[in-house]
Amino acid sequence: SADFNAACTPTEQGRVFVLLSSSLLESFDEDELTFVIGHELGHHIYGHHAIPVNVILSGQVPIRPAKALQYHAWQRYAEISADRAGLLCCESFEAAARSFFKLSSGLHLVPTKERIQAFVEQADELFSEAAAASSVEAVSHGDWLSSHPFSPIRLRSARAFSESVAFHDNGISWE
């Protein structure tokens, strides 16, 4: 596929399959692929396939709107958890950040450190804007029905995790 995409299947006869698009294989370097594969295996390790969210939200099953929103939120939280698994596998926030940049931009070229820094700063600006919003209506809710968090949210979460004691011994403490 020309699109960057990866997936992990639910266990089938005791086996797990990680699927990678050809464009991802051609455009991502070893550290970036390690992040992506670690992310996908994180879905398996954390049991994210145990809840058939796609079936539940497909319309085949009657569901209250409030419950549907909770399932969508759960999907986004699952992505953040899987990102942490990917970070632990590649051991590099920079590789994760390059992966997020490529995934969100669709660009195949390796982003420069300056572009990654601008990407991180953009995430910080978006959070500042949301925090400064004067009302619920002023905050965009476009991601409420999305299965994946907005890339700047994933980037900021990955950065926080990469700076924590969970990621390295001298990291920021839990407190």
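**Group meeting: a walk through a predicted helical model**

Where is Glu91 in the chain? It sits in the loop between α4 and α5, the latter covering residues 93–105. For background, most residues other than glycine have a negative phi. There is another case, Gln13, with a positive phi of about 50°, and Gln13 is not a glycine either. Gln13 belongs to the loop between β1 (6–8) and β2 (18–20). With 84% relative accessibility, Gln13 counts as exposed.

Now the overall layout. The protein has seven helices and two strands. In sequence order the pattern is β-β-α-α-α-α-α-α-α. Of the 175 residues in the protein, 35% are buried. The accessible surface is about 10800 Å², and carbon and sulfur atoms account for 55% of that. If you take contacts between residues at least 6 apart in sequence, 58% of them join residues at least 24 apart.

Helix α4 covers residues 65–90, which is 26 residues. From its first C-alpha to its last, α4 reaches 38 Å, close to the 38 Å expected at 1.5 Å a residue.

Next, the inside. Which residues of the largest nonpolar core touch the most other members? They are Leu24, Phe35, Phe100 and Leu155, out of 22 residues in that core. Helices α2, α4, α5, α6 (113–132) and α7 each supply at least two residues of this core. The largest share, six residues, comes from α5. As a general point, nonpolar side chains in soluble globular proteins tend to be buried together.

Take Phe100 from that list. Setting aside residues up to four places away in sequence, Phe100 touches Phe35, Asp83, Phe119, Ser151, Arg154, Leu155 and Ala158. Two of those neighbours, Asp83 and Arg154, also pair with each other: they form a salt bridge, with the closest N and O atoms 2.6 Å apart. This pair links distant parts of the chain, since Asp83 is in helix α4 and Arg154 is in helix α7, 71 residues apart. Both Asp83 and Arg154 are buried.

Helix α7 runs over residues 151–162 and also holds Ser157. Ser157 has a relative accessible area of 15%. Buried means under 20%, so Ser157 counts as buried. Beyond its neighbours within four places in sequence, Ser157 is in contact with Ile80 and Arg84.

Back to salt bridges. How many does the structure hold? The structure holds four. In general, side chains of opposite charge can pair when their charged atoms come close. One of the bridges joins the side chains of Arg98 and Glu32 at 2.7 Å, N to O. Arg98 is in helix α5 and Glu32 is in helix α2, 66 residues apart. Glu32 also meets Lys102 in a salt bridge, at 2.7 Å, N to O. Here the partners are 70 residues apart, with Glu32 in helix α2 and Lys102 in helix α5. Asp29, Glu32, Arg98 and Lys102 are linked in a network of salt bridges.

Are these residues buried or exposed? Arg98 and Glu32 are buried, with Glu32 at a relative accessible area of 0%. Lys102 is buried too, with a relative accessible area of 0%. Leaving out neighbours within four places in sequence, the contacts of Lys102 include Phe4, Ser27, Asp29, Glu32 and His108. Lys102 and Ser27 are 75 residues apart in sequence, and their C-alpha atoms are 8.7 Å apart in space.

Last, the outside. Ile37, Leu41, Ile45 and Tyr46 form a nonpolar patch on the surface, with about 360 Å² of accessible area together. Tyr46 is in the loop between α2 (30–45) and α3 (53–56). Its relative accessible area is 43%, and Tyr46 is partly exposed. Ile63, in the loop between α3 and α4, is also partly exposed, at 31%. Not counting residues up to four places away, Ile63 touches Ile56, Leu57, Ala68 and Tyr71.

Terms used. Residues numbered from 1 in each chain as written. Predicted model: local features only at pLDDT ≥ 70, side-chain atom pairs only at ≥ 80, totals over all residues. Heavy atoms only, no water. Helix = DSSP H or I, 4+ residues; strand = E, 2+ residues; numbered from the N terminus. Expected span 1.5 Å × (residues − 1). Patch = residues over 30% accessible without salt bridge, like charges linked within 9 Å, V, L, I, M, F, W, Y side chains within 5 Å. Areas by Shrake-Rupley, 256 points an atom, 1.4 Å probe, with all protein chains shown as cover. Buried < 20%, exposed > 50% of the residue type's maximum accessible area, 1.4 Å probe, protein only. Contact = heavy atoms within 4.5 Å. Core = buried A, V, L, I, M, F, W, Y, C linked by side-chain atoms within 4.5 Å.
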